[in-house]
Amino acid sequence: MNVLLTNIKELLQIRDASTHLLKGSEMKHLPTLKNAWLLIEDDTIVDFGSMMAQPEGNIDKTIDCSGKIVLPSWCDSHTHIVFAGNREQEFVDRINGLTYQEIALKGGGILNSAEKLQLTSEDDLFAQSAQRLEEVMKLGTGAIEIKSGYGLTTEAELKMLRVAKRLGQTYPVTVRTTFLGAHALPKEFTNKKDDYVDLICNEMLPAVASENLADYVDVFCEEGYFSVKDTDKILSAASKYGLTPKIHVNQFNSIGGVAVGVKHNALSVDHLEIVSDDDIRELQHSNTIAVALPACSFFLSIPYTPGRALIDAGIPLAIATDFNPGSSPTGNMNFVLAAACIKMKLTPEEAINAATINAAHAMGLSHTHGSITKGKKANLIITKEIPSYGFLPYSFGSNYIEQVICNGELV
Ligand SMILES: N=CN[C@@H](CCC(=O)O)C(=O)O
Ligand SMILES: [Zn+2]
């Protein structure tokens, strides 16, 4: 099936196949083509060019994009969308003055979600998660990373990862999965953290690997959760199964999570609301991508990742939703784009690069996703008629997406 998009007001993020991860000042540049066409064959972008010279040949369907902007779909490189129920009560508790950490100490937080998830059947968990996935696909997400971490038993962690994999098999969106057994210490292991870390290393990781359920490994490296030493041990064990780290670091404290991530050649270190000069130096001498999660900062009223400073220090930055029931109950990448501009002082060009090409790199999908490139997947957002691409983050809270094409399919 050949589909031709014509009269595109501006086609964004046109790159050749060799485009690398963008660092520092490279992020300022967003290559575009005005008054363009784009040709899709089945699930692939086969060509694009100026309307001055239109393609000839068999076209099954034409979509007129007059006045509209076309760009690659968002890549959401950090989510926890497989969860059961919600944590609305904790939202109210925080309005009434409790902090995220105080709620967790009372047995709420991640343990609250784990209890709900353990009691939910695999099919019900799939149905609840599929509803969220359908919503974010309509909001322009074409590739998504999904973590476990609300299971906290071998059986429940495997259940989460199976659901995540099944989502990827059921929908055209590309799914990457991450094993996050080290998300919180289960109640049964109170004062026995080493035993839980051993369970992760000796039972959970081999089980996840034998069913081939994860592409990456994650640890919540934070005071009150998992230490640098625990993280080092888990990442070392995971490397035996070929699992690359993408880890939660520096959400509330800078305790050495960035350094241990860099030591293990992490693909990304995510959160980074609190960043020290040493953390910046570590990242400058690494291939690790910094991933900011501004919707989490907004929801928890915690500091925003210093995205401007990270880019100015020459570090590659991606942005993601962190969609989860406790700290970011949204999967709306359009809001994340706006928050990155408004709160982290990224320009619209930097934010779009952070949510597309750099985000594709942060989930190992840069060969297929993240840019308008011949041979890449036909993952596209067609906007409504808007004055310019800067209007997307500027008009935060409004939805200016008209159509989404995911792996060649209209969603
Ligand atoms: N901080 C760790 N994990 C999630 C939140 C988990 C939760 O509160 O359920 C995050 O990335 O923000
Ligand atoms: Zn997270």
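Asn265 lies in the loop between α8 and β11 (268-271). Helices (H or I, at least four residues) and strands (E, at least two) are DSSP runs, numbered from the N terminus. Asn265 is not a glycine, yet its phi is positive, about 55 degrees. Asn265 is partly exposed because 13 other C-beta atoms lie within 10 Å. By definition, a residue is buried if 20 or more other C-beta atoms lie within 10 Å of its own, exposed if 12 or fewer, and partly exposed in between, with C-beta atoms placed from the backbone.

The model is predicted: local features need pLDDT of at least 70 and side-chain atom pairs count only at pLDDT 80 or more, while totals for chains, interfaces and linings use all residues. Residues are numbered from 1 along each chain as its sequence is written, and chains are lettered from A and ligands numbered from 1 in the order in which they are written.

Helix α8 (residues 257-263) holds Val262. Val262 counts as buried because it has 20 C-beta neighbours inside 10 Å. Not counting residues up to four places away in sequence, Val262 touches Glu282, Leu283, Ser286 and Thr288; two residues are in contact if their C-beta atoms, placed from the backbone, lie within 7 Å. Leu12 is 250 residues from Val262 along the chain, and their C-alpha atoms are separated by 32 Å.

Another positive phi, near 65 degrees, belongs to Leu152, a residue other than glycine. Leu152 is found in the loop between β7 and α5. Leu152 counts as buried because it has 30 C-beta neighbours inside 10 Å.

Next comes helix α4 (residues 122-138). It has 17 residues and reaches 24 Å from its first C-alpha to its last, close to the 24 Å expected at 1.5 Å a residue; the expected span is 1.5 Å times one less than the number of residues. Its buried residues are Leu125, Phe126, Ser129, Leu133, Val136 and Met137. These residues are on the same side of α4 because they cover an arc of only 95 degrees around the axis, the arc being that of the directions from the helix axis to the C-beta atoms. An α-helix has 3.6 residues a turn, so residues three or four places apart point the same way. The face turned away from the buried side of α4 carries the exposed residues Asp123, Asp124, Ala127 and Gln131. The buried residues of α4 pack against α3 (110-118), β7 (141-147), α5 (154-170) and β15. After α4 comes Gly140, with a positive phi near 105 degrees.

The protein chain is assigned domain 1 (2-72 + 371-410) and domain 2 (74-363); such bounds come from an automatic or database domain assignment. The C-alpha centres of the two domains lie 29 Å apart. In domain 1, 28 residues are in contact with 31 residues of domain 2. On the side of domain 1 that touches domain 2, two or more residues come from each of β5 (68-72), α15 (391-394) and β15 (401-406). The most come from β15, with 3 residues.

A nonpolar core is a set of buried Ala, Val, Leu, Ile, Met, Phe, Trp, Tyr and Cys residues joined through C-beta atoms within 7 Å. The largest has 129 residues, among which Leu38, Val70, Ala340 and Ala355 touch the most other members. Helix α12 (residues 333-344) gives the most to this core, with 8 residues. At least three residues of this core come from each of domain 1 and domain 2.
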